[in-house]
Amino acid sequence: MKETLKQLMVTVLKAQQIEMDPAMIVIEIPKDNRHGDYATNVAMQLARTLKKNPREIATILIEEINAQAVSYIENVEIAGPGFINFYVTNDYLLENINTVIEQQDRYGSSNIGNGIKINMEYVSANPTGILHLGHARGASYGDSLSRILTFTGYDVTREYYINDAGNQIVNLANSIQARYEGLCGRLEEMPENGYYGKEIIGIAENMKEELGTEVHDSNLFRQKGLDYLLDKIKLDLHQFRVEFDVWSSEQAIYRSGAVEKTLQTLIDQGYTYEQDGALFLKTTMYGDEKDRVLVKQDKTNTYLLPDIAYHTDKYRRGYDQLIDVLGADHHGYVPRLKASIQMMGNDPDKLDVEILQMVRLVRGKEEIKMSKRTGNAVTIEELVDEVGLDATRYFFSSRSLDTQLDFDLELATKKSNENPVYYIEYAHARICSILEEYSKEITKISQYHTLNSEYTKNLLAKIYEFTDTVKLSANKRSPHIIANYAYDLASLFHTFYAHEKVLTDDEVSTREKINMIYAVAITIKNALNLIGVHATKKM
């Protein structure tokens, strides 16, 4: 309907010989439905150009709208300083019930992506410990956005970059070896930047049991640690309903020669210089605040060099867009990454970096601290065990990525309407219960006659919004829009249910309401699925 009204306004302006860029025409849904079903501020936008009062312009445009005599408009009014408010007929809302029933789990989908190839890289946690709360937010966001983009016609590849080379892996191996030595009755010397998680002790215990007490090969500690922790990461993500199409290895990039080739290209192109025994990259040429070290004084590479090689490979694979989901501590990393991408001859504008803000875990008013290095981290597994998978996924999706998230364990486990997950799932379960009691086959109705109350109209209008809401979520790359939509739809259903009976002696009314609430259930289920939440049938 937004598009329909936009095209109507284009026709009206053309009929009045008023020039305006169609892209500037905005049709919105008023927060208060007393101000119409839809509204536009076109008259106010044109005031300066036409040198007329906005209300005067609105009057002219409304006269032309009425002259068009379109069947879907019931009334048009001027409001405030010059808003044009549209009141549309219920017909298109009623027809949409059959559309939902027909399309089922495809309702809300579209093809705005038109097959554009997107690479989504998210989580990519170092395999030096078990995934914790911060990783859970990135996993939830990346997976939800991938679902939404796929649902709107994009060709999405989900990718995890394994940082299995570098100093952090050396520290991992040394930490495991130190624990192993201690278990074998020898001196336990933890490295300065060692890892103290209980999983490190577990790996050492397994190695002692499997291989005995005389293991001294550091490479074996390294490989056993990587294998165990990466398998654990994959299992935790799978149980969190997060899957990946591609697992890329930093080691593999080194073995392929891509890192050396990348370094030589940057040198040959004149983008590097030596200073104090280190090799610097001239990232200030492309907007970075200072040049960055590529190769340190000890001739080891910084993290940036293999990352340039990795992103160069992603460009080579032919994606139209790249999306990296990084933690808040990587905010300053973006300019140097984009600069290096441009140096390698690729378009930096194709890369979009989404920055995750911090997660604060609270129980009531008490904050729960965590640290992966000291082993006090709250893991994904522990969080899901306490809160439940659906509640965990919903809470991570319910806030915009650019805001800090306070994850309240007390609220997430409440079995009351205070808990948004419970509130939404209760709406879906209640509908399923009614449909089970009705027990008859649900079929499309050629014409609806009894759904005339404000409660049914509000519900139907919200269902109708779903496709546009999903498109908006995809365009803004914001899954929280879907989470909030599901809550609003559930709220409208609860209000309807409090005021009207569904199963009555009136067969016509009952059948029409059954179809309507079935459409509500389908829409809630589809919305929740886009954020990785299952819609429960019984509570």
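This is a predicted model: local features need pLDDT of at least 70, side-chain atom pairs count only at pLDDT 80 or more; totals for chains, interfaces and linings use all residues.
Which order do the strands take in the open sheet of three strands? The order is E8-E9-E10, and the pairing is antiparallel. Good morning.

On average, neighbouring strands here are turned by 45° against each other, direction ignored. Strand E9, residues 278-281, is joined to E10 by three bridges, and the two run antiparallel. To find this pairing in the structure, look for leucine 281, which stands opposite arginine 292 in E10.

Helix H11, residues 304-316, lies across E9 and E10, and runs at about 85° to E10. Between E10 and H11 there is a loop, and lysine 299 lies in that loop. Its phi is near 75°, a positive value in a residue other than glycine. Lysine 299 is exposed, with a relative accessible area of 59%.

Within H11 itself I would point to tyrosine 315. Is tyrosine 315 buried or exposed? Tyrosine 315 is buried, because its relative accessible area is 11%, and the cut-off for buried is under 20%. Leaving aside residues up to four places away in sequence, tyrosine 315 touches Leu322, Ile341, Asn346, Asp347, Pro348, Lys350 and Leu351. Tyrosine 315 and glycine 345 are 30 residues apart in sequence, and their C-alpha atoms are 10.0 Å apart in space.

I now come to another sheet. This open sheet has four strands in the order E1-E2-E4-E3, again with antiparallel pairing. Strand E1, residues 27-28, and strand E3, residues 73-79, stand at the edges with a single partner strand each, so one side of each has no neighbour in the sheet.

We can follow the pairings across the sheet. E1 pairs with strand E2, residues 38-40, in the antiparallel sense over two bridges; here glutamate 28 stands opposite alanine 39 in E2. E2 and E4 pair over three bridges, also antiparallel, and tyrosine 38 has phenylalanine 86 in E4 as its bridge partner. E3 and E4 form a hairpin with three residues between the strands, where glycine 80 takes a positive phi near 55°.

How many of the six residues of E4 are buried? Five of them are, and E4 is thus mostly covered. Helix H3, residues 54-68, lies across E3 and strand E4, residues 83-88, and runs at about 170° to E3.

Let us turn to the helix contacts. The axes of helix H4, residues 91-103, and helix H17, residues 454-476, come within 9 Å and cross at roughly 60°. That angle makes H4 oblique to H17. The crossing is left-handed. On the H4 side, Tyr92, Leu93, Leu94, Asn96, Ile97 and Val100 take part, and they meet Lys457, Leu460, Ala461, Ile463 and Tyr464 in H17. The residues of this contact divide into nine nonpolar, one polar and one charged.

The other contact joins helix H14, residues 389-397, and helix H16, residues 420-438, whose axes come within 9 Å and cross at roughly 115°. H14 and H16 are therefore roughly perpendicular to each other, and their crossing is right-handed. Asp390, Ala391, Tyr394 and Phe395 in H14 meet Pro420, Val421, Ile424 and Glu425 in H16. Six of the residues in this contact are nonpolar, none is polar and two are charged.

One residue remains. Serine 439 is placed in the loop between H16 and H17. Its phi is near 65°, a positive value in a residue other than glycine. Serine 439 is exposed, with a relative accessible area of 61%.

That concludes my presentation. Thank you for your attention.

Terms used. Residues are numbered from 1 along each chain as its sequence is written. Side-chain values use heavy atoms; hydrogens and water are left out. Two strands pair if DSSP finds at least two bridges between them. Contact means heavy atoms within 4.5 Å. Axes are lines fitted to C-alpha atoms, for helices over the stretch in contact, and angles run from 0 to 180 degrees between N-to-C directions. Angles under 35 degrees count as roughly parallel, over 145 as roughly antiparallel, 65 to 115 as roughly perpendicular and the rest as oblique. A crossing is left-handed if the near helix is turned anticlockwise from the far one by less than a right angle, and right-handed if clockwise. Ala, Val, Leu, Ile, Met, Phe, Trp, Tyr, Cys and Pro count as nonpolar, Asp, Glu, Lys and Arg as charged, and the others, Gly among them, as polar. Buried means under 20% relative accessible area, exposed over 50%, partly exposed in between (1.4 Å probe, protein chains only).
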